[in-house]
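Here is a quick walk through one model, taking a single helix to begin with and a helix pair after that. Have the structure open as you read.

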Amino acid sequence: MSFLFGGSKATKTFKPVKNIPEGTRQHTLQEKMMKTLGSGNLRLAVVLPDGEDLNEWIAVNTVDFFNQINMLYGTLTEFCKDESCPVMSAGPKYEYLWADGVSIKKPVKVSAPKYIDYMMSWVQQQLDDEQIFPSRMGDSFPKNFMSIVKVILKRLFRVYAHIYHCHFEKVCQLEEERHLNTSFKHFVFFINEFQLIDPKELSPMKDLIERL
């Protein structure tokens, strides 16, 4: 699990943690990332290391953010219920519909826990697909890799936004706000470094992002 969660009281994750196989270039990159994160400089931590492949770096960080959000939301599942969160929202102005383009082609309104369950399962499928996230040395990334990653990160952002707008009080009661804030700051620095999410998508968190 990410360095950022050292000292966290969280003991469960929402979905199984995605591990990067040892002995792969991505595992080596992950170790570099953790070492840089250990310095506490999040802006430096997101910068592409000299001589490294951009796609590999984006892939490793995407897996890490999936695991971070997995743990953050895992602490809140007993509080984020169909009854309390009947729609996937980020405050009163922003509501998200779900569609995966395969089993659900037309966007549908679902509760926040159902949306996050569908979304995290969908992300997990993408991360486990060797055609999209190759782990073997020499295998190449697909031409549309960046497009896929942008959709993944856009959807992961929505979980951060939902947590902040709907569950931040509970996060504070659980004394996990430092981990949430550090994780989100890391995420924002990363997506901005590589321009991975349209600024309009970030509107629900605009005020906080401007203060980072």
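Let's start with helix 6, where the buried residues are His 179, Leu 180, Ser 183, Phe 184, His 186, Phe 187, Val 188, Phe 189, Phe 190, Ile 191 and Phe 194. Keep in mind that this is a predicted model. Helix 6 covers residues 177-194, and its 18 residues reach 26 Å from the first C-alpha to the last, close to the 26 Å expected at 1.5 Å a residue. Just past the end of helix 6, Gln 195 adopts a positive phi of about 50 degrees.

Now for the pair. The axes of helix 4 and helix 5 come within 11 Å and cross at roughly 150 degrees. That angle is over 145 degrees, and the two helices are therefore roughly antiparallel to each other. The crossing of helix 4 past helix 5 is left-handed. Here is who meets whom:

| Helix | Residues | Residues in the contact |
|---|---|---|
| Helix 4 | 112-128 | Ala 112, Tyr 115, Ile 116, Met 119, Met 120, Trp 122, Val 123, Gln 126 |
| Helix 5 | 145-173 | Ile 148, Val 151, Ile 152, Arg 155, Leu 156, Arg 158, Val 159, His 162 |

By class, this contact has 12 nonpolar, 2 polar and 2 charged residues.

Zooming out, the protein has 7 helices and 2 strands, running α-α-α-β-β-α-α-α-α from the N terminus. Of its 212 residues, 48% are buried. Among contacts between residues at least 6 apart in sequence, 74% join residues at least 24 apart.

Conventions:
Residues numbered from 1 in each chain as written. Predicted model: local features only at pLDDT ≥ 70, side-chain atom pairs only at ≥ 80, totals over all residues. Heavy atoms only, no water. Axes fitted to C-alpha atoms, helices over the stretch in contact; angles between N-to-C directions. Helix = DSSP H or I, 4+ residues; strand = E, 2+ residues; numbered from the N terminus. Parallel < 35°, antiparallel > 145°, perpendicular 65-115°, else oblique. Left-handed = near helix turned anticlockwise from the far one by under 90°. Contact = heavy atoms within 4.5 Å. Nonpolar A, V, L, I, M, F, W, Y, C, P; charged D, E, K, R; others polar. Expected span 1.5 Å × (residues − 1). Buried < 20%, exposed > 50% of the residue type's maximum accessible area, 1.4 Å probe, protein only.
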